[in-house]
Amino acid sequence: MAIGHIETRLHINGEWVSGKNGKTFPTVNPATEEKIVDVHEADSQDVDLAVAAAQQAFPAWRDLSVFERAEKCLKLAELIDRDRNEIARLEASNMGIPVSAYLPCISGAIDGIKHATGLAHDIHGETSLNTPGFVTFTLRQPFGVCAAIIPWNVPIIMWCGKVIPCVVTGNTIVLKSSEKAPLTSLKLAALASEAGFPPGVINVLSGFGHSAGHALSSHMNVRKISFTGSTRAAKMVMEAAAKSNMKRVCVETGGKNPAIIFDDADLDKAAESVAASIQFNSGQICVSNSRIYVQKGVFSQFVDLFKPKFIDVAAGDPCVESTNFGPQVDKAQFDNILKLIDEAKTDGASLVSGGRRAKDKGFYIQPTIFVQVPKSANIMKTEVFGPVVAIQQFDTEEEVIEESNDTNYGLHGTVFTRDVSRAFRLVKAFEAGMITVNCSSEAGPYDMPFGGWKESGTGRENGRMGLESYYEVKSVTLKL
């Protein structure tokens with residue numbers, strides 16, 4: 001697909017600049033396996049320049065009213081809406097998500113901007129007269145320079161979800177996109193300039209985690225960093241942050257999310273909901289329900305309902321609106337998923353459907369269903385991040401709770417049942433940061449905190465809690 005002109009340089013201090021090391025890296029269309037364009041690569045020198053620009057811009061940006069900062073954010077939302085079709089086609093080309101799936105993501109990002117900017121007006125400190133002779137109160141003040149490292153699977157959601165809360169609260173930011181999908185982040189940088197953000201407030205770098213990402217994580221002048229990606233990389237970010245200046249850290253990583261289907265559930269609706277969860281973005285989504293536990297008496301019935309809903313996809317050119325199932329993002333992801341599928345077969349899992357390459361060209365994998373997978377199998381422990389699901393059967397509530405929580409991850413869990421008391425017992429028992437009842441991960445509220453337990457992350461984004469995390473808190477005591 002011809003994507004037209006797009007900047008491939010770094011966006012620092014309101015200008016497009018080449019990387020200091022002179023290096024570029026290719027972006028590849030996963031549907032065609034052909035190169036799209038070469039993008040400039042940032043290293044530590046570029047990070048230093050971007051952080052310096054953000055530092056210089058911070059005082060004036062901080063001192064604007066919330067109305068003035070929100071005005072720029074809302075203008076950006078207008079421009080994203082104006083260019084939504086271009087952005088969707090660009091992402092379809094860059095990482096393979098169909099435009100039919102990405103256009104709703106763009107709408108979600110726009111709504112998120114509007115919510116965060118409105119909420120910013122209602123963030124206040126606390127007051128107390130509990131100590132005689134004193135008035136005590138708290139101030140919420142922006143950190144200064146913050147950083148963000150975003151993944152490749154839904155860049156516009158991640159970009160807007162980190163940048164807007166950061167800047168509307170008076171901070172400035174340096175964002176590093178994923179090397180697998182950098183193009184929409186550069187497009188959004190251009191729109192931010194068009195929206196009137198002053199130079200240095202929003203800086204966008206393309207590059208790799210071991211160079212630009214590490215430089216941001218360990219930079220002494222970055223006061224907070226937000227990361228979304230793998231657990232392994234998150235641990236390196238947290239270590240670098242601790243060893244440098246103990247900058248605040250928010251990380252959201254992977255998930256091995258269970259869906260529990262009791263025998264009293266609406267099985268057809270449960271099958272449809274969970275299938276949609278793992279189909280979205282070809283399984284490349286952290287909250288997808290890749291482990292399904294079905295009560296023994298309805299196990300076969302559920303599998304029969306689930307299979308056609310899951311495997312009936314329109315795989316093809318992601319830029320065509322009738323396509324609803326795209327490729328994996330790159331060859332490395334594609335090869336890793338096929339390896340995990342082969343391991344599952346060796347481990348004794350029963351393959352019901354799929355398990356192979358879906359097209360001769362492009363990194364497409366068939367929707368894959370395993371049943372009765374041994375608990376020790378790697379596929380039950382590892383986040384596949386692809387269209388692969390394991391369906392298990394269970395007898396009792398206590399048994400399925402134990403199996404659901406038997407993972408190092410704790411991002412999302414869901415339960416399908418008509419028994420309200422049982423639903424709330426499961427809600428309480430799940431060791432996860434986000435729970436859904438009688439719906440799956442397709443129902444994500446925009447105004448609630450997003451994040452995980454255990455190795456699925458620390459800190460929260462979205463909603464009031466997410467916005468408040470971009471302020472430092474200062475306690476003040478005034479003697480009367």
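Analyst: The domain bounds used here come from an automatic or database domain assignment. On that basis the protein, which is seen here as a predicted model, is divided into domain 1, made of residues 10-253 + 456-479, and domain 2, residues 257-437. Taken over C-alpha atoms, the centres of domain 1 and domain 2 are separated by 31 Å.

The size of an interface is often given as the accessible area lost when the parts come together. Between domain 1 and domain 2 the buried area is about 2100 Å², and carbon and sulfur atoms give 61% of it. Of the area that domain 1 buries against domain 2, Glu-33, Trp-152 and Ser-456 supply 23%, more than any other three residues. In terms of contacts, 25 residues of domain 1 meet 29 residues of domain 2. The rule for salt bridges finds three of them across this interface. A salt bridge also joins Glu-34 to Lys-361, with 3.3 Å between the closest N and O atoms.

The UniProt record, an unreviewed entry, places the feature "active site" at Glu-252. This residue lies in strand S11, residues 248-252, and because its relative accessible area is 3%, under the 20% cut-off, Glu-252 counts as buried.

Most residues other than glycine have a negative phi. At 63% relative accessibility Met-246 is exposed, whereas Glu-252 is buried. Gln-372 likewise has a positive phi, of about 50 degrees, although it is not a glycine; Gln-372 lies in the loop between strand S15 (368-371) and strand S16 (388-394), and with a relative accessible area of 34% it is partly exposed.

The segment 456-479 of domain 1 takes in strand S20 (471-479), which belongs to an open sheet of three strands in the order S5-S6-S20, paired in the antiparallel sense. Strand S5 (127-128) and strand S20 stand at the edges with a single partner strand each, so one side of each has no neighbour in the sheet. Strand S6, residues 134-142, pairs with S20 over nine bridges, and in S20 the bridge partner of Val-135 is Leu-478.

Methods. Residues are numbered from 1 along each chain as its sequence is written. This is a predicted model: local features need pLDDT of at least 70, side-chain atom pairs count only at pLDDT 80 or more; totals for chains, interfaces and linings use all residues. Side-chain values use heavy atoms; hydrogens and water are left out. Two strands pair if DSSP finds at least two bridges between them. Helices (H or I, at least four residues) and strands (E, at least two) are DSSP runs, numbered from the N terminus. UniProt positions are given in the numbering used here, feature names are shortened, and annotations may be inferred rather than shown by experiment. Buried means under 20% relative accessible area, exposed over 50%, partly exposed in between (1.4 Å probe, protein chains only). Contact means heavy atoms within 4.5 Å. Buried area is the accessible area (1.4 Å probe) that two parts lose on being put together, summed over both. A salt bridge is a side-chain nitrogen of Lys or Arg within 4 Å of a carboxyl oxygen of Asp or Glu.
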